[in-house]
Amino acid sequence: MITTGAMPDIEQDLAEIVPFWGNLDLSQRAFLAQRSRRMKFDAGSHVQGAGAGCAGVVFVRSGCLRAFMLSDQGREVTLFYVQPGECCVLAASCILPMITFDIALDAAEDSDLLIVDSQAFGTVSQENIHAEAFTYRQATERFSDCMWVMQQVLFMGLDTRLAIWLLDEVARSGSKTIYATHDEIARHLGSAREAVGRMLKYFAREGLVELARGSVELIDVKRLRLLTT
């Protein structure tokens with residue numbers, strides 16, 4: 001659902017969430033405001049990428065986005081989350097020509113987004129050194145997140161990767177109960193559902209977690225952390 005507001009409203013939204021807004025001149029601010037829009041997505045909705053094209057540079061006002069890669073065979077792997085106040089220029093590969101891979105975004109929660117047209121954002125980044133620095137700093141930080149995930153996929157066993165994911169989810173949500181099916185966890189890890197199911201059952205037998213339909217509760221966080229070292 002798109003929420004359309006008057007230009008001053010969009011400018012206020014941009015001023016609150018774009019770190020380099022104060023370093024833009026009036027014409028650059030007006031240019032971005034004219035090419036920005038508010039959008040709301042329900043949890044589970046697809047935002048951009050994975051064949052849906054580049055919606056633009058997405059800033060999260062509230063909610064949370066999941067950034068992931070999708071293989072030709074339909075297998076997914078979660079790369080990182082975009083939290084309130086953050087953005088993901090790496091998913092807007094249309095403004096970074098050196099990025100040759102496609103990162104998709106889904107709404108992990110009901111999300112209120114501010115989306116800036118990619119061409120407009122790219123134009124301002126070329127004109128304004130503060131916008132350019134922000135763009136490349138964001139890209140570098142997110143690329144580091146991607147490399148951490150690739151390191152896990154290439155060099156770590158499923159037990160370690162699953163333990164890391166469970167601990168990260170607890171840290172992100174603040175709850176020791178994670179509401180996700182085996183299939184959803186497998187999608188996050190880029191693994192097979194059967195393999196994840198077997199590993200979760202092993203964790204349960206070892207007293208690390210307790211399994212229920214559609215949820216995993218962490219029982220022994222200390223021993224799970226030992227698996228990640």
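This is a predicted model: local features need pLDDT of at least 70, side-chain atom pairs count only at pLDDT 80 or more; totals for chains, interfaces and linings use all residues.
**Largest pocket**

Start by selecting Tyr81, Ala108, Arg172, Tyr179 and His188, which lie nearest the centre of the largest pocket. The volume here is about 460 Å³, and the lining has 19 residues. Next, colour β8 (104-107), α5 (158-173), β10 (177-178) and α6 (182-189); each of these elements supplies at least two residues of the lining. Helix α5 gives the most, with four residues. Colouring the lining by class shows eight nonpolar, four polar and seven charged residues.

**Second largest pocket**

Now select Thr78, Leu79, Phe80, Tyr81 and Asp168, the residues nearest the centre of the second largest pocket. This pocket has a volume of about 390 Å³ and is lined by 19 residues. Two or more lining residues come from each of β6 (76-82), α4 (129-155), α5 and α6. Again α5 has the largest share of the lining, here six residues. By class, the lining of the second largest pocket divides into 10 nonpolar, four polar and five charged residues.

**Salt bridges around Asp13**

Leave the pockets and turn to charged pairs. The whole structure holds 13 salt bridges. Show the side chains of Asp13 and Arg38, which form one with an N to O distance of 3.0 Å. Asp13 belongs to helix α1 (residues 7-17) and Arg38 to strand β2 (residues 36-41), so this pair ties together parts that lie 25 residues apart in sequence. Both Asp13 and Arg38 are buried.

**Arg66 and Asp106**

For the last stop, select Arg66 and Asp106. Their side chains meet in a salt bridge at 3.9 Å, N to O. Arg66 sits in strand β5 (residues 65-70) and Asp106 in strand β8, and the pair links these distant parts of the chain, 40 residues apart. Arg66 and Asp106 are both buried. Strand β8 was also among the elements supplying at least two residues to the lining of the largest pocket, where the tour began.

Methods: Residues are numbered from 1 along each chain as its sequence is written. Side-chain values use heavy atoms; hydrogens and water are left out. On a 1 Å grid over the protein atoms alone, a cavity is a set of points where a 1.4 Å probe fits but cannot get out, and a pocket is an open set with protein on both sides within 12 Å along at least five of seven lines; lining residues have an atom within 4 Å of a point. Grid points are joined across faces, edges and corners, and a volume is the space filled by probe spheres set on the points. Ala, Val, Leu, Ile, Met, Phe, Trp, Tyr, Cys and Pro count as nonpolar, Asp, Glu, Lys and Arg as charged, and the others, Gly among them, as polar. A salt bridge is a side-chain nitrogen of Lys or Arg within 4 Å of a carboxyl oxygen of Asp or Glu. Buried means under 20% relative accessible area, exposed over 50%, partly exposed in between (1.4 Å probe, protein chains only).
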